[in-house]
Amino acid sequence: RDVVKPGCRRSRLMALVAVTDHPFPDLALVREILELAGHTVVEHRCQTADDVAERCVEAEGLLNTYVPVPGAALSALTRCRAIARFGIGVDTVDLKAADRLGITVTNVPDYCTREVADHTLGLLLAVQRRVVQFDRNVRSGRWDVFAAGPIRRLDGASLGLVGAGRIPRAVARRAEAFGLRVRAYDPYVREEEWPPHIERRATLDELAAESDFLSVHAPALPETHHMIDERVLRRMRPHAILINTARGALVDSDALVRALRDGWIAGAGLDVLEREPLDAEHELGTLDEVVLTPHTAFYSEESLRELQRKAAEQLRAALSGERPQYLVNSPRGIRS
C-alpha cells in the first residue's frame, strides 16, 4: 500500500487518490488507469463517515461505493477536488456540500443497464411462472402441476414501469418480446424526450391500478422514499406482481408484507431491500410468493470491469481539469 506523509504537497498532475471502500476482488484496472496518469492510489475499508474524514484527509480524489460522505466529512477533506462513485446512484455523497466546496462528483450511469434489465425480467418470470416454488416442491418430492396456484398467460399482460430512464427503457424492449404491453410513469422526463414505444401515464396511482406487473426503477431521493406504500399497493390488482431492482427504500416493506399476506397483490420479486442483508426473521423471507436475490442485478464480470474502468476514467478527467462525461453536480469553482 502506498503511503503519503501528512503535509506532503503534490502537483495537480500527480494526485493522491483514496478508495473509501469497494466490492471488487481487486483494483488492478483502477490502478492501471490512474497510476499510468501519474496518480497514487491508496485503498481503505472505511465503514463510517468519520473513517472517511480521518483516513482520506490527504486525498485529492476519492473513489466511493457504499460508505456515506456527508458534508462534514467533505469539509474535513480540504484537499479533495473530485469524487467518483462506483455506481449509478449518488445518494452516498452530499451533493450540495460538494457544490459549495468546489468538489466535482461523477457516477457511472450506464455500466449495468443490460444486467439490471435482464434481472428484472428474470424476477418477473420467476415469480409469475412460480419457478422457485416449483423447484422447491420437486426437490422435496412433490410433483404437482397445480401446487403453486393459478398462473396467468404472460402475452398481452400489462407491465408498468416506475421510471422511464435508461434501465426501464431496456426493460421495455425485452418485455415487448414477451408480448407485454408497456406503460410508464416518470414526471421528470419531458414530453419531447418520451420513448415512443412506451405508453405514458400521468400518475403513479393510475399506473399501479392498470398494471399486471409493476416494476420500480426510480432513484433514491427524499421524495421517492416509500413511494410504493400501502396506498399504491392497495391500488394494484389482486393478481399483480411487484418487482424492485432499484433501491430498497422505494418500497415500504411493512406495507408490502401486509399486501402479500392479505392478498392485495399476488407476489413480489425483490433484488433490493430496505435493510440489507435480509434479517433471518423477516417475514418476506417466509413467503412462497416472494423471490429474493442479494442485490445482484448489477452483476456480470463485464459490468464490474466496465464500472471500474469508467469510474477511474471519470476521476482521471476531473483531476486533470477536464469536464467528466458523467458529471452529476455543479461545483462552484475548483479547489486548488
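Modeller: Let us begin with burial: a residue counts as buried when its relative accessible area is under 20%, as exposed when that value is over 50%, and as partly exposed in between. Please keep in mind that this is a predicted model.

Colleague: How many residues of helix α5 are buried?

Modeller: Helix α5 covers residues 113-128, and 12 of its 16 residues are buried, so α5 is largely enclosed by the rest of the structure. Among the buried residues are T113, E115, H119, L123, L124 and Q128.

Colleague: What span should α5 have, and how far apart are its end C-alpha atoms?

Modeller: At 1.5 Å a residue, α5 should span 22 Å; its end C-alpha atoms lie 23 Å apart, which agrees. After α5 comes R130, with a positive phi near 60°.

Colleague: How does one describe the packing of two helices?

Modeller: Two packed helices are described by the angle between their axes and by the distance between those axes. In this model, the axes of α5 and α7 (residues 166-177) come within 8 Å and cross at roughly 50°. That angle makes α5 oblique to α7, and the crossing is right-handed.

Colleague: Which residues of α5 and α7 meet?

Modeller: From α5, the residues are T113, R114, V116, A117, D118, T120 and L121; from α7, they are R166, I167, A170, V171, R174 and A175. By class, this contact between α5 and α7 has seven nonpolar, two polar and four charged residues. The general idea behind such a pattern is that an α-helix has 3.6 residues a turn, so residues three or four places apart point the same way.

Colleague: At what angle do the axes of α1 and α11 cross?

Modeller: Helix α1 (residues 28-36) and helix α11 (residues 301-319) have axes that come within 9 Å and cross at roughly 25°. This makes α1 roughly parallel to α11. The crossing of α1 past α11 is right-handed. On the α1 side, A28, L29, V30, I33 and L34 take part, and they meet R305, Q308, R309, A312, E313, L315 and R316 of α11. The contact of α1 with α11 has seven nonpolar, one polar and four charged residues.

Colleague: What is the length of α11 from its first C-alpha to its last?

Modeller: The 19 residues of α11 reach 28 Å, close to the 27 Å expected at 1.5 Å a residue. Just after α11, G321 adopts a positive phi of about 90°.

Colleague: Is S303 buried or exposed?

Modeller: S303, which is placed in α11, has a relative accessibility of 1% and therefore counts as buried. Leaving aside neighbours within four places in sequence, S303 is in contact with Y111, C112, E115 and F298. S303 and Y111 are 192 residues apart in sequence, yet their C-alpha atoms are 5.7 Å apart in space.

Colleague: Where are H226 and H295 found?

Modeller: H226 lies in the loop between β9 (213-216) and α9 (230-235), and H295 lies in the loop between β12 and α11. H226 is not a glycine, yet has a positive phi of about 55°; H295, likewise not a glycine, also has a positive phi of about 55°. H226 is partly exposed, at 22% relative accessible area, and H295 is partly exposed at 28%.

Colleague: Which residues does a cis peptide bond join?

Modeller: The cis peptide bond joins E276 and P277, with omega about 0°. P277 is located in the loop between β11 (267-270) and β12 (290-292).

Methods:
Residues are numbered from 1 along each chain as its sequence is written. This is a predicted model: local features need pLDDT of at least 70, side-chain atom pairs count only at pLDDT 80 or more; totals for chains, interfaces and linings use all residues. Side-chain values use heavy atoms; hydrogens and water are left out. Axes are lines fitted to C-alpha atoms, for helices over the stretch in contact, and angles run from 0 to 180 degrees between N-to-C directions. Helices (H or I, at least four residues) and strands (E, at least two) are DSSP runs, numbered from the N terminus. Angles under 35 degrees count as roughly parallel, over 145 as roughly antiparallel, 65 to 115 as roughly perpendicular and the rest as oblique. A crossing is left-handed if the near helix is turned anticlockwise from the far one by less than a right angle, and right-handed if clockwise. Contact means heavy atoms within 4.5 Å. Ala, Val, Leu, Ile, Met, Phe, Trp, Tyr, Cys and Pro count as nonpolar, Asp, Glu, Lys and Arg as charged, and the others, Gly among them, as polar. The expected span of a helix is 1.5 Å times one less than its number of residues. Buried means under 20% relative accessible area, exposed over 50%, partly exposed in between (1.4 Å probe, protein chains only).
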